[in-house]
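Subject: Structure handover

Hello,

Here is the structure I said I would pass on. My notes on what was found in it follow below.

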Amino acid sequence: MTKSTTRDFDVLILGAGAAGLLCAIEAGKRGRRVAVIERAERAGKKILISGGGRCNFTNIYCQPDNFISANPHFAKSALSRYTPADFIALVEKHRIAYREKTLGQLFCDRSAEDIVRMLEAECQAAGVETFLRSKIQDVRRNTIFAVQTESAEFRAPALVVATGGLSIPKLGATALGYDLARQFGLKIRAPRPALVPFSLGAEDRSHYCDLAGVSAEVVVSTNHHSFREKMLITHRGLSGPAILQISSYWRPGTPIRLDFAPQSEVTKPIREAKVRNTAAALSALQKFLPQRLAARWLELHAPTNWTNQALATLERQTHEWVFTPAGTEGYEKAEVTAGGVDTDELSSKTMESRKVRGLFFVGEVVDVTGHLGGHNFQWAWASGAAAGRGL
């Protein structure tokens, strides 16, 4: 296509990610002429790297409680009308082998490539046209929307913004979706990295980060939210499912509480031992923590004596390590972006702007952020389906 080429459609979708592709499929099935415009050289790049390359494509226990939003009720409508079972039916229709891992998480047996190929095949069957390597230069609206790329102008009465958030910039993440929302007068909830590792301050880093690679099951808490899962020590701080989950609720300067031995009494064997000493304490701690972490914790919190009072202090410390992260690893390591287009601006049924007729926002660009474990994909499918069926 030359730069002077003009293409007319019923729907323009900006972004060939999970939400954009599902939206295109649903709109195409309803007979709409759909164009998906994507700046990358292929569709579904974030899908391809998700779940270690096997795509944790949904969670069978997905509920509205698994999402963070300024309006906790907003996601209910879309999630109820496109459920994990709906997406699983699509996966099974394409005979993609999958399995459940922990906590209801579903992964492809083979590769995330299977999910992208499935979505591409469904788009093709629905008559959707996809335009890759198409960088957007300008978006405007008079009576209809006009999207200018380097090679053509696309026009349609409906525009769906499915451009994602700011996480993983190496895959091409940009602020385009937020810029478009502001351009058309919609409010934005400040974006921030979510499902992201913590970095530790210099003192904590010197105490623990030489143990990089060591993990333990913990309960981690902040701002009245808690998760019990694995924590991983890294070269710069803490990661693992428990840390990623709690990071979505954390605000800079807020302390984190970490319980190394959930619902257990660590020091009971020490009190009952014939000889109370460091060896007895180390043996007790190793029932809950890997050997190297147990030894380091005891080294840093060694009782001044072995009285019941001193052991009570050790017990409390083991259940309540309070620290304040120096920060997070930022968008480079964040799995998703929290915040985004204010849900007050959108219809919960169709994802359409309340201010601008024909303008829709779906997926990660919206202020709806899921927990770890397939929930963010389910929001992408559900919000994309809601918009696609509303077009």
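Two strands are taken as paired if DSSP finds at least two bridges between them. Please keep in mind that this is a predicted model.

Sheet

With that definition, Asp 8 stands opposite Arg 155, a residue of strand 11. Strand 11 covers residues 152-156, and four bridges join it to strand 1. The two strands run parallel. They belong to an open sheet of four strands, in the order 1-11-10-9, with mixed pairing. Its edges are strand 1 (5-8) and strand 9 (136-141), each of which pairs on one side only. From one strand to the next, the twist averages 20 degrees. As background, the strands of a sheet pair through backbone hydrogen bonds, and they do this either parallel or antiparallel.

Helix 5 and its two partners

Helix 5 (residues 113-125) packs against helix 1 (residues 18-29) at an angle of about 30 degrees, and the axes are 8 Å apart. Angles under 35 degrees count as roughly parallel, so helix 1 and helix 5 are roughly parallel to each other. The crossing of helix 1 past helix 5 is left-handed. On the helix 1 side the contact is made by Leu 21, Leu 22, Ala 24 and Ile 25, which meet Leu 119, Glu 122 and Cys 123 of helix 5. By type, the residues of this contact are six nonpolar, no polar and one charged.

Helix 4 (residues 84-93) meets helix 5 at another angle: their axes cross at roughly 90 degrees and come within 10 Å. Helix 4 is therefore roughly perpendicular to helix 5. Phe 87, Leu 90, Val 91 and Lys 93 of helix 4 contact Ile 115, Met 118 and Glu 122 of helix 5. Here the division is five nonpolar, no polar and two charged. Glu 122 is listed in the contact with helix 1 and also in the contact with helix 4.

Ile 256

Is Ile 256 buried or exposed? Its relative accessible area is 0%, so Ile 256 is buried. Ile 256 lies in strand 18 (residues 256-259). Beyond its neighbours within four places in sequence, Ile 256 is in contact with residues including Phe 198, Val 220, Ile 246, Trp 250, Trp 321 and Phe 323. Ser 221 and Thr 222 are also among its contacts. The C-alpha atom of Asn 223, 33 residues away along the chain, is separated from that of Ile 256 by 8.6 Å.

Regards

Terms used: Residues are numbered from 1 along each chain as its sequence is written. This is a predicted model: local features need pLDDT of at least 70, side-chain atom pairs count only at pLDDT 80 or more; totals for chains, interfaces and linings use all residues. Side-chain values use heavy atoms; hydrogens and water are left out. Axes are lines fitted to C-alpha atoms, for helices over the stretch in contact, and angles run from 0 to 180 degrees between N-to-C directions. Angles under 35 degrees count as roughly parallel, over 145 as roughly antiparallel, 65 to 115 as roughly perpendicular and the rest as oblique. A crossing is left-handed if the near helix is turned anticlockwise from the far one by less than a right angle, and right-handed if clockwise. Contact means heavy atoms within 4.5 Å. Ala, Val, Leu, Ile, Met, Phe, Trp, Tyr, Cys and Pro count as nonpolar, Asp, Glu, Lys and Arg as charged, and the others, Gly among them, as polar. Buried means under 20% relative accessible area, exposed over 50%, partly exposed in between (1.4 Å probe, protein chains only).
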